[in-house]
Amino acid sequence: MERTWMNFSRASDEYQNGVQSFLDFAFHNSSQENMILCPCKKCGNIYWHYREVVYEHLIVDGFIWGYKKWIFHGECTPSGASSTINPGYPYSGYHQYVREDDMEGMMRDALNIRSKGFQSFPPNYVASDDYNIGGNTFMETRRSVPNEQPNEEAAKFYTLLGEMNEELYEGSKFSKMSFCIRLFHLKCLRGWTGNFLTMLLELLRELFPFAKILQSCKDMKKVIKDLGLGYNKIHSCPNDCMLYWGDRRNQQSYHVCGKSRWMNRDAEDVNEDEYGPQSIRKPNKILRYFPLIPRLQRLFMSSKTAEFMTWHHDQ
């Protein structure tokens, strides 16, 4: 499709007609619930809107800079791949995602376990502590050592594989794992609180008592936490004087402002675990640090994004 109109003034007829042509193309190839991702400078292919809203944004604000290959709107990627990028609209029909989700592939990418020479387990496999999986399972010979336990990453993989193959209910196209990930994805996209998600889970359990729906947001985190990309909790001075980190990790108060590290000085000190029991002693302030390096590594490890991460080097 000819695109020189994208360089014209947004007040010109050529640009406005071109926007209509883009919208025709995008809604034909990538619409969900009569909406598409808006490629304007403010929305940046993150927010979904109806046609008239997208048109207004593109006239007022213009396209995001450099968006000449419409990969979020149904156009093939530069490498000529047969599939297009589907950003996953959160409210579209569930059956579409059941077809498109590559749960096992996602877990292999997350834990850096490649499928070469690896034999997946049948759908009725459920990981258990007394199931011995040899360390040589991942070699091309597929030989295993019966008495050797899997390494930590392999053990995580098989546990997740068990969750992935456990049906949400009999005959469901959703697994327990995919259901948790889809709901947690919605939580992140729409800014739901943990309490809101817990209330939603309670309602779903009442509506569908036969389904294996978890009790709370905390339980859901336990299921998907081994997929990684979490965050580190670092206690902080409430006056932002310092972090209780490194050499100062065990300090109980800051030596300048004198502010205590804890809300209650007299409470019993119990190690805090995000996925375990709540600590009795609560810190005044917590910094949540999202490490950058693991996220960059994941982008290079993932079969879905590695090509784009190496584009500047390769092309």
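This is a predicted model: local features need pLDDT of at least 70, side-chain atom pairs count only at pLDDT 80 or more; totals for chains, interfaces and linings use all residues.
## The largest core

Start with the inside. The largest nonpolar core holds 27 residues. Five of them touch the most other members: Phe 179, Leu 183, Leu 197, Met 220 and Ile 224.

Which elements give two or more residues to this core? They are helix 4 (103–111), helix 5 (152–165), helix 6 (176–190), helix 7 (194–207) and helix 8 (217–224). Helix 6 gives the most, with 7 residues. In soluble globular proteins, nonpolar side chains tend to be buried together.

Now take one member, Ile 224. Setting aside residues up to four places away in sequence, Ile 224 touches Met 177, Cys 180, Ile 181 and Phe 184.

## A separate core

Another core lies apart from the largest one.

Tyr 169, Leu 203, Leu 207, Phe 208 and Phe 210 make a nonpolar patch of about 500 Å².

Look at Phe 210. This residue sits in the loop between helix 7 and helix 8. Is Phe 210 buried or exposed? Its relative accessible area is 55%. Exposed means over 50%, so Phe 210 counts as exposed.

## Glu 75, a buried residue in a loop

Glu 75 is found in the loop between helix 2 (51–60) and helix 3 (94–100). Its relative accessibility is 14%. The cut-off for buried is under 20%, so Glu 75 counts as buried.

What does the side chain of Glu 75 reach? It reaches the backbone nitrogen of Trp 70, at 2.8 Å. A polar contact of 3.1 Å also links the side chain of Glu 75 with the side chain of Arg 3.

## Ser 236, between two strands

Ser 236 also belongs to a loop, the one between strand 3 (232–235) and strand 4 (286–289). Here the relative accessibility is 7%. That value is under the 20% cut-off, so Ser 236 counts as buried.

How far apart are Ser 236 and Ile 286 in sequence and in space? In sequence, 50 residues separate them. In space, they are 5.4 Å apart, C-alpha to C-alpha.

Which residues are in contact with Ser 236, leaving aside its neighbours within four places in sequence? They are Met 242, Leu 243, Tyr 244, Lys 285 and Leu 287.

Methods. Residues are numbered from 1 along each chain as its sequence is written. Side-chain values use heavy atoms; hydrogens and water are left out. A nonpolar core is a set of buried Ala, Val, Leu, Ile, Met, Phe, Trp, Tyr and Cys residues joined through side-chain atoms within 4.5 Å. Buried means under 20% relative accessible area, exposed over 50%, partly exposed in between (1.4 Å probe, protein chains only). Helices (H or I, at least four residues) and strands (E, at least two) are DSSP runs, numbered from the N terminus. Contact means heavy atoms within 4.5 Å. Patches are made of residues with over 30% relative accessible area and no salt bridge: like charges are joined within 9 Å, nonpolar side chains (Val, Leu, Ile, Met, Phe, Trp, Tyr) within 5 Å. Accessible areas come from the Shrake-Rupley method with a 1.4 Å probe; for residues, only the protein chains shown count as cover. A salt bridge is a side-chain nitrogen of Lys or Arg within 4 Å of a carboxyl oxygen of Asp or Glu. A polar contact is a pair of N or O atoms within 3.5 Å; within protein, one must be able to donate a hydrogen and the other to accept it, and residues adjacent in sequence count only if both atoms are side-chain atoms.
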